[in-house]
Amino acid sequence: MIAFRAAEQKDAHYLIDIDIKCFDYAWTPEEWRQVGKYCVACVATWNGTPVGMAIFCNDHAGSIEIVKIAVKKAYRRLGIARRLLYNCILYARELYATRLVMVVPESTLQPGNPEDVSEWLTQLRFRAQVPLLKDYFTFYGEPEDGVVFTLPIPLT
Ligand SMILES: CC(C)(COP(=O)(O)OP(=O)(O)OC[C@H]1O[C@@H](n2cnc3c(N)ncnc32)[C@H](O)[C@@H]1OP(=O)(O)O)[C@@H](O)C(=O)NCCC(=O)NCCS
């Protein structure tokens, strides 16, 4: 059975495992420490075990940034990310934020890239913004531009 709740300290190794399995560039321990200080995490559990996560931060400018959202392969296309997103929206509403923001590496939006999430984001009504964020990411020492996707927060 699927359930959603705030992440707890005991979930740490599950979240790291999801990160490693879902992304080419998983976070370093230092990045996890930084996130732990400033962000909130929600986990999706399957029979009690975390299988998905959303990590989001309040940028104090009316936006909530989703810094990471991922679901383990075996549990995809079941609506889990959609419900994680809904939890972000509930959190955002509590803070009177007016939009969700997600920044995606530009290379993942190239046609043919299996990591391409643009269709997923568009389905969920996110829209890409210009300009790109120059050198927003660093992957193994190499800078990469970021594409900002935003979603106005529905009032109800
Ligand atoms: C992107 C990701 C989080 C989606 O998780 P998910 O739980 O499978 O997504 P959902 O089941 O909630 O999908 C919601 C809708 O989004 C769309 N969607 C989901 N995955 C998609 C894909 N790979 N391609 C196109 N559309 C997709 C579909 O319309 C889907 O609804 P449907 O299944 O009824 O058609 C998951 O594939 C993942 O973890 N990917 C690797 C990490 C990643 O890229 N994270 C996003 C960084 S921005």
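**View 1. Contacts of C88 in the predicted model.** Leaving aside neighbours within four places in sequence, C88 is in contact (C-beta atoms, placed from the backbone, within 7 Å) with A54, F56, I64, I66 and L100. Residues are numbered from 1 along each chain as its sequence is written. The model is predicted: local features need pLDDT of at least 70 and side-chain atom pairs count only at pLDDT 80 or more, while totals for chains, interfaces and linings use all residues.

**View 2. The largest nonpolar core.** This core, a set of buried Ala, Val, Leu, Ile, Met, Phe, Trp, Tyr and Cys residues joined through C-beta atoms within 7 Å, has 30 residues. Buried requires 20 or more other C-beta atoms within 10 Å of the residue's own; 12 or fewer is exposed, and in between is partly exposed. M53, A54, I66, L84, C88, L100 and M102 have the most contacts inside the core. Two or more residues come from each of α1 (12-22), β2 (40-46), β3 (49-58), β4, α3, β5 and β8 (142-152); helices (H or I, at least four residues) and strands (E, at least two) are DSSP runs, numbered from the N terminus. With six residues, α3 gives the most.

**View 3. V148 in strand β8.** V148 lies in β8 and counts as partly exposed because it has 19 C-beta neighbours inside 10 Å. Beyond four places in sequence, V148 is in contact with V101, V103, Q129 and L133. From V148 to L84 the C-alpha distance is 19 Å, at a separation of 64 residues in sequence.

**View 4. The ligand shell.** The ligand is surrounded by 19 residues, taken as those with a backbone-placed C-beta atom within 6 Å of it. The closest are A70, R76, I80, A81 and R82.

Technical notes
Two residues are in contact if their C-beta atoms, placed from the backbone, lie within 7 Å.
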